[in-house]
Amino acid sequence: MTAVTLPAPGAVEAPSAAARVPAAATVFAALMRRDLRALRRELPFFLLRTILQPLLFVIVFGALMPRMGLVSSRYGAAMLPGVLALTLGLAAVQSVALPLVQDFGWTREIEDRLLAPIPTGLLVAQKIASGAVQALVSAAAVLPIARLVMGPIPGLSPTNLGVVLVVAVLGALTFSAAGMVLGTVISPQQIGLLFSAILTPTIFFGCAYYPWRGLDAVPFVKYLVLINPLTYVSEGMRAVLTPGMPHMPLGAVVCALLVLGGLFCVLGLRGFRKRAFG
């Protein structure tokens, strides 16, 4: 007959290894709190880095040139939604790509994240979500400043804030996922390539400063810019903020952002796994 050993009175049984591992959702939330705490600590420098360029365009093209009579006063209605889209894109890409390039390159701080008890896919999703939150913070900061600088904007009617938020979140997530892709394929020695050969063409051929419908006069460019995710975010912002301006159908914008966002997530996860474990 097998003897059964009973624990001594008052003894506390040590938890198993599985019980000591926190849930993935708990780790995800902890990583998000860490990123948001770092964002709050460096908020002035973050905003200066992400909204300075869009605000300079607002000052020159939205305030100075209309007052000089070089562009119509209605140009602000076409440009403001594009400036918000540009702010979302720049902030999301920089918030994800630049830290990843640094973590995979000089500091190897990515190893701290890899030690977290969380699947790699969820770790990538957390980085994308964190970048999207930072992009939304930048856009929320630039909108009132741009409105103050430009003055009254004909046709500006953000009546459906829910739809505005949907377009903004989809755009932020899409560009954050694109930042994941760029951060895993660009080495620290090629960081200048991110701005000169990738972000600059994205900015000028993303319909941020002109409506997509205005490219009817140049059909080749009109269809070429459809590979640029900034085109859809800019047109989506026009559809919800200045619906009186020519814009792409909102349904097409949402579908394109869902497809591009999903594609960038898949490529970003693949690139992250290759750089981290390959």
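This note walks through the fold, the helix packing and the salt bridges of the structure above.

1. **Basis.** This is a predicted model, in which local features need pLDDT of at least 70, side-chain atom pairs count only at pLDDT 80 or more, and totals for chains, interfaces and linings use all residues. Residues are numbered from 1 along each chain as its sequence is written, and side-chain values use heavy atoms, with hydrogens and water left out.

2. **Overall fold.** The protein chain has 11 helices and zero strands. Helices here are DSSP runs of H or I with at least four residues, strands are runs of E with at least two, and both are numbered from the N terminus. Along the sequence the pattern reads α-α-α-α-α-α-α-α-α-α-α. Of the 278 residues in the protein chain, 45% are buried. Buried means under 20% relative accessible area, exposed means over 50%, and partly exposed falls in between (1.4 Å probe, protein chains only).

3. **Helix 3 against helix 6.** Two packed helices are described by the angle between their axes and the distance between the axes. Helix 3 (residues 43-67) and helix 6 (residues 120-150) have axes that come within 9 Å and cross at roughly 30 degrees. That makes helix 3 roughly parallel to helix 6. Axes are lines fitted to C-alpha atoms, for helices over the stretch in contact, and angles run from 0 to 180 degrees between N-to-C directions. Angles under 35 degrees count as roughly parallel, over 145 as roughly antiparallel, 65 to 115 as roughly perpendicular, and the rest as oblique. The crossing is right-handed. Right-handed means that the near helix is turned clockwise from the far one by less than a right angle; anticlockwise is left-handed.

4. **Helix 7 against helix 11.** Helix 7 (residues 161-185) and helix 11 (residues 250-277) pack at about 30 degrees, with axes 8 Å apart. They are therefore roughly parallel to each other. This crossing is left-handed.

5. **Around helix 6.** Helix 6 has 31 residues, which should span 45 Å at 1.5 Å a residue, and its end C-alpha atoms are 45 Å apart, in agreement. The expected span is 1.5 Å times one less than the number of residues. Gly151 follows helix 6 and has a positive phi, near 80 degrees. Pro117 sits in the loop between helix 5 (110-114) and helix 6. Pro117 is partly exposed, at 41% relative accessibility. Pro117 and Phe28 are 89 residues apart in sequence, yet 9.6 Å apart in space, C-alpha to C-alpha.

6. **Helix 10.** Helix 10 (residues 229-241) has 13 residues and reaches 18 Å from first C-alpha to last, close to the 18 Å expected. Of its 13 residues, 13 are buried, so helix 10 is largely enclosed by the rest of the structure. Asn228 caps its N-terminal end, with a side-chain oxygen 3.0 Å from the backbone nitrogen of Leu230.

7. **Salt bridges.** The whole structure holds two salt bridges. A salt bridge is a side-chain nitrogen of Lys or Arg within 4 Å of a carboxyl oxygen of Asp or Glu. Side chains of opposite charge can pair when their charged atoms come close. Asp216 is partly exposed at 43%, whereas Lys222 is buried at 9%. The other joins Glu235 and Arg238 (2.8 Å, N to O). Glu235 and Arg238 lie three residues apart in helix 10, about one turn of the helix. Both are buried.

Key
Polar contact = N/O pair within 3.5 Å; in protein donor to acceptor, adjacent residues only side chain to side chain.
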